[in-house]
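This report covers strand pairing, domain layout and chain contacts. The structure comes first.

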Amino acid sequence: MSDNSGNGTGFDFEITLDGEKVGVRRGESLYEVSERHRKEIPTLCYDPRLEAFGGCRLCIVELDGARNPVASCTTRAESGMRITTRSARLDMHRRVLMEMVASENRDTDVDPLSGYASQEMAVLLDRYEARTGRFAGARSGRSRPDDDNPFILRDYENCISCYRCVRVCAEQEGDYAISVMNRGFETQITTEFEGLLGDSACTFCGQCIQTCPTGALADIKALANADVPGETEKTRTVCPYCGVGCAVDLMSRGDKLIGVQPAMDGPANEGALCVKGQFAFDFVQHPDRLAYPMVRGEDGELHETDWDTALDRAAAGFTAAVEDHGRHSVYGVASGRAPHEAAYMMQRFIRGAFGTNQIDNCSRA
Amino acid sequence: MSNPLADMDKPDVIFCIGTNMTECHPVAATRIKRAVARGAKLIVADPRRIALAEMADIYLPLRVGSDVALLLGMAHTIAREGLMDEGFVADRTTEGRDFVEHVLEYPPEWAESITGVDAKLIAEAARWYAKAERGAIYYTLGITEHICGVDNVQSLCNLALMTGNVGREGTGINPMRGQNNIQGAGDSGALPNNYPGFQDVLDPAYQAKFAAAYGREVDLELGPTKVTALDMCGDRIRAMIINGENTVVTDPDREHCEHALRSLDHLVVIDIFLTETAQLADVVLPATAWAETDGVCSNTERRVQRLRKAVDPPGEAKPDWWCVSRIAQRMGLKGFEFESAKQVFNELCSLSPIYAGLDWDLIEHGEYHWPVPERGHPGTPILHEGEFENGRGIFQMIRYRDPAETISEEYPIWLTTGRRLPAYHTRTQTGRAAGIEYLLSEESLEMHPADVSKWGLEDGGWAMMSSPRGQVRIKVEANDRSPPGTVFASFSFNDVPVNFLTGGGYDPITHTAELKVCPVRVEPA
């Protein structure tokens with residue numbers, strides 16, 4: 001086994017993965033190396049943005065020399081390790097684990113609008129043919145229908161205690177708003193003093209919703225659109241609020257905007273969002289939106305009209321100003337909320353149509 | 001920002017001044033929180049005990065508008081204690097010697113007398129920042145919305161230059177921009193002094209370039225800023241076109257602003273709602289909104305990203321660029337025959353040196369930070385590596401000035417304004433998003449409990465707040481986030497129009513209003 005660092009591969013050493021030698025960077029877990037080689041190891045408690053937790057045990061792999069399978073997410077790859085990601089024994093373990101996980105929950109299938117990761121459990125139940133009901137019986141988690149917040153559904157009867165919500169809130173958001181109490185079947189995700197999210201340190205960023213693998217925590221605003229007909233389409237764009245530039249996936253059905261999910265590979269946000277980016281999207285389809293041009297009539301009021309009339313009126317006003325008062329009688333203000341093309345066209349209009357530098361944007365106030 | 005957002009995880013000392021990042025740029029703040037959890041030291045300077053201050057290793061609770069004094073005191077400590085990066089200063093800056101002499105006049109004890117911050121804390125913060133392997137500065141409008149906004153920024157640059165905390169990973173001078181494309185509006189040339197790509201309108205070479213590109217003579221003089229233009233309305237300026245800005249609510253001194261717009265012969269507003277500003281217009285054109293518009297935006301780290309249309313707009317709403325170009329066509333002008341956002345953006349790239357290496361298709365995945373000077377260039381995540389664009393970094397001899405208005409017997413309380421997490425600006429958008437009301441339903445005046453009793457007020461009761469320009473009725477919220485003698489409110493709620501009060505002064509260079517400082521009187525209402 002040679003040390004490959006500095007030889008241009010970017011790898012520090014090798015392991016044997018399902019019989020094939022593969023490169024590893026120092027510090028990588030067995031799971032991370034396997035993911036790079038698309039081994040599709042199942043997980044429920046894993047979120048690549050968070051510290052590995054080793055809670056669900058689904059990611060077990062066979063390690064030569066170890067008596068029992070090891071959790072690949074928490075085991076660091078070491079030079080010369082030989083691991084196997086698929087075997088009859090592993091499949092059997094994983095199936096039993098999935099049967100047990102499913103037995104704890106009221107629902108095993110939730111609406112995909114619940115959140116980004118909400119289908120993870122259902123997909124694995126199918127993959128391991130684990131919908132047997134073999135362990136039906138005790139369930140864990142008490143839901144919180146008393147929490148009247150308009151954003152985050154707290155349906156803990158569908159909770160599997162993977163702690164992803166608790167960890168994303170602490171590690172990714174730094175808010176520490178939610179925590180875990182009790183053990184075993186009594187395990188409960190909660191807030192300080194078992195209160196409402198609104199009374200906790202929660203900022204309603206929605207990260208817990210998006211990492212939940214069962215829909216126990218779910219997006220109330222998106223679910224309110226569950227009955228809108230049509231297929232859900234996702235469109236990658238950038239949040240309309242502050243200047244951080246978080247990438248989001250807009251969810252729509254036909255011409256109805258139904259929700260927002262963070263882009264996990266968004267270059268500026270890497271999956272993070274805040275309450276505005278996550279939930280304040282529906283202003284777009286508010287009935288107050290202007291839909292038709294308006295011009296001020298002789299009665300002093302604004303009246304809806306057609307584009308021809310409005311554009312002619314807009315143009316005439318500028319032409320008259322320039323004829324009567326010269327080219328420096330005109331001024332343009334561009335927006336910091338509209339795209340480049342809007343600002344560029346505004347300055348092109350002011351400079352190119354009138355020959356004046358009387359153009360600014362809204363950044364001074 | 002001189003450095004990318006990803007660098008926020010990397011400094012060992014972070015200096016945040018005038019930025020309430022957890023509320024105004026929450027996702028960027030998560031990176032600061034992670035850096036602090038990893039062991040980075042955090043210095044926070046802010047008049048209010050904001051969430052970042054609670055997290056800080058050193059919190060510098062300075063009096064509003066005293067930033068220059070604080071930063072001079074820090075520079076003094078760094079110079080006096082020999083903590084300057086002499087190599088960096090020698091190789092990459094000028095005026096260093098004069099600067100050291102200048103700052104030696106301003107010891108931290110002097111800074112304490114202006115800022116109210118313990119001199120020992122000022123000196124300690126300076127030492128931490130100077131000794132950092134990677135020291136990074138982050139700031140927002142708490143630095144710029146002052147009559148000395150430019151002085152504040154240059155004072156921060158001085159600190160970075162004297163310690164060599166610029167041009168490297170995890171360092172830099174990093175303004176957090178407040179709107180999703182405010183950076184892009186400037187990049188695209190919507191400025192009175194710059195063509196697209198920050199090309200100086202007074203430079204004859206650029207004048208010739210744009211005269212050729214637009215097929216007409218160009219203006220050889222600087223245009224006035226918007227603030228000055230509002231003063232000229234009804235006089236020199238007779239016709240105005242405003243795109244997507246609720247000027248009368250966001251700008252200081254609302255009465256003056258409304259009067260200015262009413263005195264125009266012709267006002268065209270392009271917007272998505274009938275805002276307070278649109279209600280004053282002669283012609284209102286309905287624009288397509290976010291989620292309905294294809295386009296491009298630049299974020300605070302100069303990353304150029306695509307905005308994409310997901311749904312159709314209501315009725316006959318049209319993209320902003322379409323509205324403007326069609327007005328030009330109706331005026332009988334040639335050269336405005338654009339048919340797509342792509343075509344508009346590609347013309348911008350062809351005329352802007354910072355976008356010369358980009359086009360619509362290349363920015364598909366948003367991996368470029370401008371400047372991208374030619375095709376094949378990887379972009380520039382970190383500015384000023386190796387050298388500054390204009391050669392050497394120049395130290396500026398900045399002196400402290402009082403705010404435009406200072407507290408008096410008649411107006412004995414400092415008002416500072418800002419934003420709150422669930423609301424965005426004048427709430428034209430967040431006020432129309434379901435559920436946001438649950439988190440924030442009304443504006444209130446944040447006032448220290450000692451002040452609440454001192455001025456005969458009650459927590460939850462009503463107060464009348466006045467400045468020389470007007471008065472507003474506002475509910476009192478006793479909260480020790482604001483120190484005694486200083487109160488805070490946002491300008492988000494139209495029924496509490498705080499900007500009727502603000503507007504005592506403007507920065508002489510940028511014309512940015514002193515929205516962060518306004519002496520007021522608060523009485524029971």
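## Strand pairing

Two strands count as paired if DSSP finds at least two bridges between them. The model is predicted. Strand β13 of chain A, residues 294-296, is joined to β14(A) by three bridges, and the pairing is antiparallel. One residue pair in this arrangement is A:M294 with its bridge partner A:E304 in β14(A).

A parallel pairing links the two chains: β15(A) and β9(B) are connected by four bridges. Here A:V330 has B:A239 of β9(B) as its bridge partner.

## The sheet across both chains

These strands belong to an open sheet of seven strands with mixed pairing, ordered β14(A)-β13(A)-β11(B)-β10(B)-β9(B)-β15(A)-β16(A). The edge positions are taken by β14 (302-304) and β16 (359-361) of chain A; each has a single partner strand, so one side of each lacks a neighbour in the sheet. From one strand to the next, the twist averages 15°.

Helix α9 of chain A (residues 340-354) lies across β15 (330-334) and β16 of chain A and also β9 (239-243) of chain B. The helix runs at about 170° to β15(A).

## Domains of chain A

Chain A is split into domain 1 (13-86), domain 2 (108-122 + 131-285) and domain 3 (294-364). Between domain 2 and domain 3 of chain A, the C-alpha centres are 43 Å apart.

## Contacts between the chains

On the chain B side, 123 residues are in contact with 100 residues of chain A. Helix α16 of chain B (residues 320-330) supplies the largest share of that side, eight residues. By class, the chain B side that touches chain A consists of 64 nonpolar, 32 polar and 27 charged residues.

Methods. Residues numbered from 1 in each chain as written. Chains lettered and ligands numbered in written order. Predicted model: local features only at pLDDT ≥ 70, side-chain atom pairs only at ≥ 80, totals over all residues. Axes fitted to C-alpha atoms, helices over the stretch in contact; angles between N-to-C directions. Contact = placed C-beta atoms within 7 Å. Domains from an automatic or database assignment. Nonpolar A, V, L, I, M, F, W, Y, C, P; charged D, E, K, R; others polar.
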